[in-house]
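Visitor: Could you show me how to read a fold, one feature at a time?
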Amino acid sequence: YLQNLKTFDERIKGLKKLRVIGRGGDDLSTRVSFFGFDPGKIVILTRGAGLSGAVLAARLRTEYRIELEMAGPDYAVAMTSICDEAEHFARLADALIAIDATAKKSIVKASALPPIPAAALTASEAVGYKGVFTEPYRAAGRTALEYVWVYPPGIPLLVPGEIVTDEHIELLSRYAAEGIAVKSTKGRLPDLYTS
């Protein structure tokens, strides 16, 4: 398994637009904020290739029959294990090299999160409120009555009681357009449940 990972690293050293964290030409020692590194997770950064993680995952699925674990706005993750054979790593490396070679050298805007919004209610207070489903473009200034998140990573962008901002609406719309799964407590999106 470790030899397969090492061989994979060597094969992808020439990537110019896609980057793989801690692999190929990426030096882990420059990533000082890392708490730990799981060698079995291959995290592919897509911003330098002008792709979203979801677009990369879709291309790997349709063009190369490779299914990734998950995809975010500007990254995708392939999970590996001792059950993966050398040919599996070679297929992924070859696919990444081919996509990298045809990708345009451009930077996708970083997915900056909006600041934590003001809260009109605590989350526990918001649970008891009745509200209405509101189209996102009409939700600015209203109070969220449910959690809203993207998966991955599953961390809430809005918590019940917080006031929805234009920045939230813009970010959620962008994620949805990029094929990122936008979820809410009641499962209703693009509508938000607001007071």
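Guide: Start with one word: buried means under 20% relative accessible area, exposed over 50%, and partly exposed in between (1.4 Å probe, protein chains only). Strands (E, at least two residues) and helices (H or I, at least four) are DSSP runs, numbered from the N terminus. By that cut-off, four of the five residues of β4 are buried, which leaves this strand mostly covered.

Guide: A word on the source: this is a predicted model, where local features need pLDDT of at least 70, side-chain atom pairs count only at pLDDT 80 or more, and totals for chains, interfaces and linings use all residues. Residues are numbered from 1 along each chain as its sequence is written, and side-chain values use heavy atoms, with hydrogens and water left out.

Visitor: In what order do the four strands of the open sheet lie?

Guide: Two strands pair if DSSP finds at least two bridges between them. Here the order is β1-β2-β4-β3, with antiparallel pairing. β1 (19-20) and β3 (70-71) each have a single partner strand, so one side of each has no neighbour in the sheet.

Visitor: How many bridges join β2 to β4?

Guide: Five, and β2 covers residues 41-45. V43 sits opposite V77 in β4, and M70 stands opposite V77 too. β3 and β4 (residues 75-79) pair over two bridges, and a hairpin of three residues joins them.

Visitor: Which residues of α5 are buried?

Guide: In general, an α-helix has 3.6 residues a turn, so residues three or four places apart point the same way. In α5 the buried ones are H168, I169, L171, L172 and Y175. Just after α5, G179 takes a positive phi of about 85°.
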